[in-house]
Amino acid sequence: MNWSDREDIAEALMEAHPGVDPLAMRFTDLLNWISELPDFEDDIHLSNEKKLEAIQMEWYELWKENQ
């Protein structure tokens, strides 16, 4: 996975951290969790607020569907 795979990252985060409200996440923690995903292969230093927010919103939509 790389930064453009927002949906895949969101799904992986949801699987790795079930029950976590994505909107309660700080971007620093979100970045750490993304970097720990086994299939994430992109440069973690290429992240920015826009990318993290897009992933957070994808994750939030998935989370809402499962509530």
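Tutor: A residue is called buried when its relative accessible area is under 20%, exposed when that area is over 50%, and partly exposed in between. The model under discussion is predicted.

Student: Is Gln56 buried or exposed, and at what relative accessibility?

Tutor: Gln56 is found in helix H3. The limit for a buried residue is under 20% relative accessible area. Gln56 falls below that limit and therefore counts as buried, its relative accessibility being 8%.

Student: Which residues is Gln56 in contact with, leaving aside its neighbours within four places in sequence?

Tutor: Contact here requires heavy atoms within 4.5 Å. With the neighbours within four places in sequence set aside, the residues in contact with Gln56 are Pro22, Leu23, Met25, Phe27 and Leu30.

Student: Where does His17 lie, and is His17 buried or exposed?

Tutor: The loop between H1 and H2 holds His17. The relative accessible area of His17 is 19%. Buried means under 20%, so the class of His17 is buried.

Student: Which residues is His17 in contact with, once its neighbours within four places in sequence are left aside?

Tutor: His17 is placed in the loop between H1 and H2. Apart from neighbours within four places in sequence, the contacts of His17 are with Trp33 and Trp59.

Student: How many Å apart in space are His17 and His45, C-alpha to C-alpha?

Tutor: His45 is found in the loop between helix H2 (27-36) and H3, whereas His17 lies in the loop between H1 and H2. At 69% relative accessibility His45 counts as exposed, while His17 is buried. The two histidines are 28 residues apart in sequence, and their C-alpha separation is 22 Å.

Student: What C-alpha separation in space do His45 and Leu31 have?

Tutor: His45 belongs to the loop between helix H2 (27-36) and H3. His45 and Leu31 are 14 residues apart in sequence, and from C-alpha to C-alpha they are separated by 9.6 Å.

Student: How many Å separate the C-alpha atoms of Lys50 and Leu37?

Tutor: Lys50 has its place in helix H3 and is exposed, with a relative accessible area of 69%. Along the sequence Lys50 and Leu37 are 13 residues apart; in space, C-alpha to C-alpha, the figure is 19 Å.

Student: What distance separates the C-alpha atoms of Asp5 and Ile55?

Tutor: Asp5 is located in the segment before H1. With a relative accessible area of 24%, Asp5 is partly exposed. Asp5 and Ile55 are 50 residues apart along the chain, yet their C-alpha atoms are separated by 8.7 Å.

Student: Which residue meets Arg26 in a salt bridge?

Tutor: The structure holds 2 salt bridges. In one of them Arg26, exposed at a relative accessible area of 54%, is joined at 3.2 Å, N to O. The partner is partly exposed at 27% relative accessibility; this residue is Asp29.

Student: What is the N to O distance in the salt bridge of Glu61 and Lys64?

Tutor: Both residues lie in helix H3 (residues 49-65), 3 residues apart, which is about one turn of the helix. Glu61 is partly exposed at 38%, and Lys64 is likewise partly exposed, at 40% relative accessibility. Their side chains meet in a salt bridge, and the N to O distance is 3.6 Å.

Student: Which residues gather in a patch of negative charge on the surface?

Tutor: Asp and Glu count as negative. One member, Glu7, lies in helix H1 (residues 6-16). The residues that gather in this surface patch are Glu7, Asp8, Glu11 and Glu15.

Notes
Residues numbered from 1 in each chain as written. Predicted model: local features only at pLDDT ≥ 70, side-chain atom pairs only at ≥ 80, totals over all residues. Heavy atoms only, no water. Patch = residues over 30% accessible without salt bridge, like charges linked within 9 Å, V, L, I, M, F, W, Y side chains within 5 Å. Areas by Shrake-Rupley, 256 points an atom, 1.4 Å probe, with all protein chains shown as cover. Salt bridge = Lys/Arg side-chain N within 4 Å of Asp/Glu carboxyl O. Charge placed at Lys NZ, Arg CZ, Asp CG, Glu CD. Helix = DSSP H or I, 4+ residues; strand = E, 2+ residues; numbered from the N terminus. Buried < 20%, exposed > 50% of the residue type's maximum accessible area, 1.4 Å probe, protein only.
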